[in-house]
Amino acid sequence: MFAVTGASGQLGRLVIAHLLERVPAAQIVAAMRDPAKGADLSRLGVQVRAADYKRPASLAKAFEGVDRVLLISSTEVTGRLPLHRAVIDAARAQGVSLFAYTSMLHADTSPARLAIEHRQTEEAIRASGLPAVILRNGWYAENHLSALPTALEHGAIVGAAKDGRFSSAARADYAFAAAIALTSEGQAGRTYELAADDAFTLAELAAEVSRQSGKAVVYNDLSPDAYEGVLTHAGLPAPLAALLADADLAASQGALFDDSSTLSKLIGRPTTRVETLIAATLHS
Ligand SMILES: NC(=O)c1ccc[n+]([C@@H]2O[C@H](COP(=O)([O-])OP(=O)(O)OC[C@H]3O[C@@H](n4cnc5c(N)ncnc54)[C@H](OP(=O)(O)O)[C@@H]3O)[C@@H](O)[C@H]2O)c1
């Protein structure tokens, strides 16, 4: 039996959709904080179980009979390590044969502050002795796409990444990779650096948005502090704004770039091109 935590989230739902194509629904446990969010999955025959990273007893119950677990990293901005540890402990108590974790691209060397708790979680997994596969996901392409309406309104994409290249891939591609890793043999001990085949700078992204929309959109590069201010002004909580500005700084140093094509090799097809994702966003 395969359990996916955070299964009510955007990535989790996509992983479950891919799992449904690979294993019978009854073999899938969609573990989520609020099982009411999984009513549609229950109707498909998926086992929807309550699992809150902050309630260890719920995790033990959610993993009953489970053999393979995918931990989707928590959304908390800080304080994720104890939550992840609770999931690791529950999986260990259950004696699972494979534990998969959605980490961050180059988590071992990344200068991004976001990488710290991923690195610590990877260490906790190693220390637990669990047979594990680490899925080091790059930036979601959707992070850029969600800013497109504002970019079109103001004629500018703002950031602090200078000419750093982003190998950002679609959530659906990362989800496909997670489903493959979870259901394939010989995965224990592997670490995958997952990223799109093609990379772009934010100036190139702006140029492509201009080309497709017919509206002038430029890239406006700010200092990390100024960018953090823009994000805070836009309504993001201060700690999240600080982390995102720091991630752009890290991107300017190459932290969100990878050209290993590991993701496309794992999913057996090229990753979805950002041009395609922009077109889908503009026409949605
Ligand atoms: N690579 C990137 O660019 C990038 C960008 C954003 C996030 N991430 C990471 O990737 C993860 C998945 O992304 P996503 O887009 O699927 O995020 P999402 O749509 O916000 O989903 C997050 C999921 O985590 C669950 N969750 C949060 N706190 C929990 C807790 N205490 N116990 C159990 N479940 C909890 C949420 O449950 P509820 O439905 O109950 O809220 C939801 O199912 C994020 O959590 C974050 O760590 C990566």
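These legends accompany several close-up views of one predicted model.

The model is predicted: local features need pLDDT of at least 70 and side-chain atom pairs count only at pLDDT 80 or more, while totals for chains, interfaces and linings use all residues. Residues are numbered from 1 along each chain as its sequence is written, and side-chain values use heavy atoms, with hydrogens and water left out.

**View 1**

A backbone N or O atom of Ser 73 is 2.5 Å from a ligand oxygen. For Gly 6, a backbone N or O atom lies 3.2 Å from an oxygen atom of the ligand, and for Thr 75 a polar backbone atom is 3.4 Å from a ligand oxygen. On its own the ligand has 900 Å² of accessible area, and the protein covers 82% of that. Accessible areas come from the Shrake-Rupley method with a 1.4 Å probe; for residues, only the protein chains shown count as cover.

Glu 193 belongs to strand 8 (residues 191–194); strands (E, at least two residues) and helices (H or I, at least four) are DSSP runs, numbered from the N terminus. Glu 193 counts as buried because its relative accessibility is 16%. The cut-offs are under 20% relative accessible area for buried and over 50% for exposed, with partly exposed in between (1.4 Å probe, protein chains only). Its side chain comes to 2.7 Å from the backbone nitrogen of His 106. Beyond its neighbours within four places in sequence, Glu 193 has contacts (heavy atoms within 4.5 Å) with Leu 105, His 106, Asp 108, Arg 136, Asp 258, Ser 260, Thr 262 and Leu 263. Glu 193 and Thr 262 are 69 residues apart along the chain, yet their C-alpha atoms are separated by 6.3 Å.

The twelve residues of helix 9 (residues 202–213) should span 16 Å at 1.5 Å a residue, and the end C-alpha atoms are 16 Å apart, so the two agree. The expected span is 1.5 Å times one less than the number of residues. Buried in this helix are Leu 202, Leu 205, Ala 206, Glu 208, Val 209 and Ser 210. These buried residues pack against several elements, including helix 11 (238–252), helix 13 (274–282) and strand 9 (218–221). After the helix comes Gly 214, with a positive phi near 75°.

**View 1. Glu 208 within helix 9.**
Glu 208 lies in helix 9 and counts as buried because its relative accessibility is 13%. The side chains of Glu 208 and Gln 212 are joined by a polar contact of 2.7 Å. Not counting residues up to four places away in sequence, Glu 208 touches Glu 275 and Ile 278.

**View 2. Helix 4 and what covers it.**
Helix 4 (residues 80–94) has 15 residues and reaches 22 Å from its first C-alpha to its last, close to the expected 21 Å. Its buried residues include Leu 81, Leu 83, Val 87 and Ile 88. Their cover includes helix 3 (56–62), strand 4 (68–71), strand 5 (98–104) and helix 5 (114–128). Gly 95 follows, with a positive phi near 70°.

**View 3. Positive phi in two loop residues.**
Lys 162, in the loop between strand 7 and helix 8 (171–183), has a positive phi near 50° although it is not glycine. Its relative accessibility of 48% is why Lys 162 counts as partly exposed. Ser 261 sits in the loop between helix 11 and helix 12 (262–267), and its phi is also positive, near 55°. At 24% relative accessibility, Ser 261 counts as partly exposed.

Definitions and conventions. A polar contact is a pair of N or O atoms within 3.5 Å; within protein, one must be able to donate a hydrogen and the other to accept it, and residues adjacent in sequence count only if both atoms are side-chain atoms.
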